[in-house]
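Please open the model in a viewer and keep the selection tool at hand. The stops below are given in the order in which they may be selected.

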Amino acid sequence: MVSEGTASAWADTRMRHYLGGLAARERNAASDRHLASYLTFVAGAVNAGGFMAIHQYTSHMSGIISAIADNLVLGNVFLVATGISSLAAFVAGAATSAILINWARRRALESEYALPLAVEAALLLLFGLSGLVLAAGSASATVMTIALLCFIMGLQNAIITKLSGARIRTTHVTGLVTDAGIEIGKLLYRNDPAHPELPPVVADRAKLALLLSLIGLFFFGGIAGAFLFSHLGLPVAALFALPLGLFASFPLAADWSARQSHES
């Protein structure tokens, strides 16, 4: 029989292997799916938390670009400037993620995806502290917080886009819903038996299940974020930041150990 200590050590090893694999350079479909699931939940929560703090959703650029156009026509110069800064922050976040990933990739670092993930965790902690400046009620503090959240969303969306080969998005729910609709259309399509020579239209059921789960996670993340941020305030952002930091710590520690070994 396996002793209790041996079973506990085995379980601990498996847990460390699992957590370490979520942000690792070498990936598989399961690690992509599990990291995407958590990031989608976080995106929904932070999007809702941002709305509670600044009355602005920050995960989707379609609405922000439309708002820029509307406010430009209405002559709301301040809101136009706010929208442009939000868009620029989202682009800057995605660009930063790409820079970090490509920099680490060219150096064969294990922390290829952990670097931007660690940055996201740090910025979420910063968002948790932003309530200190938002309490002052200044317009500049609000604009800076909106830009911070847009930067985080751009950074995160680029992480999962890069590691999944653009197969998965976490903040771009419109794309998820569109792809789900396409697969549902395939599922409902009736192949004509009178033309057996034509390739059948077949739905990718596994992809559909993943898409529906991500849409659901964004929704339930929004519920969790709205509830927690409304009751506990912005510091609750740490609850979502700390797991990201944990996922990133394993590849970062591996690179640190490899560097120490090389220097010695």
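This is a predicted model: local features need pLDDT of at least 70, side-chain atom pairs count only at pLDDT 80 or more; totals for chains, interfaces and linings use all residues.

Residues are numbered from 1 along each chain as its sequence is written, and side-chain values use heavy atoms, with hydrogens and water left out.

**Stop 1: helices H2 and H5**

Select helix H2 (residues 29-54) and helix H5 (114-129); helices here are DSSP runs of H or I with at least four residues, numbered from the N terminus. H2 and H5 pack at an angle of about 25°, and their axes are 13 Å apart. Axes are lines fitted to C-alpha atoms over the stretch in contact, with angles from 0 to 180 degrees between N-to-C directions. The angle makes H2 roughly parallel to H5, a term for angles under 35 degrees. The crossing of H2 with H5 is left-handed, that is, the near helix is turned anticlockwise from the far one by less than a right angle.

Next, display the side of H2 with Leu-35, Leu-39, Val-42, Val-46, Gly-49 and Gly-50, which meet Leu-117, Glu-120, Leu-124 and Phe-127 in H5; contact means heavy atoms within 4.5 Å. By class, this contact of H2 with H5 has seven nonpolar, two polar and one charged residues. Gly is counted among the polar residues.

**Stop 2: Ala-108**

Move to the loop between helix H4 (77-106) and H5, where Ala-108 lies. Most residues other than glycine have a negative phi. Ala-108 has a positive phi of about 55°.

**Stop 3: the largest pocket**

Select Gln-56, Leu-79, Thr-82, Gly-83 and Ile-146, the closest to the pocket centre of the 18 lining residues. A pocket is an open set of points on a 1 Å grid where a 1.4 Å probe fits, with protein on both sides within 12 Å along at least five of seven lines; lining residues have an atom within 4 Å of a point. The largest pocket holds about 290 Å³ of space, a volume being the space filled by probe spheres set on the points. Helix H3 (61-74), H4 and helix H7 (139-163) give two or more residues each to this lining. By class, the lining has nine nonpolar, nine polar and no charged residues.

**Stop 4: the second largest pocket**

Finally, select residues that line the second largest pocket, among them Arg-14, His-17, Tyr-18, Glu-26, Arg-27 and His-34. The volume of the second largest pocket is about 240 Å³. Helix H1 (4-22) and H2 each supply at least two lining residues, and H1 gives the most, with five.

How values were computed: Angles under 35 degrees count as roughly parallel, over 145 as roughly antiparallel, 65 to 115 as roughly perpendicular and the rest as oblique.
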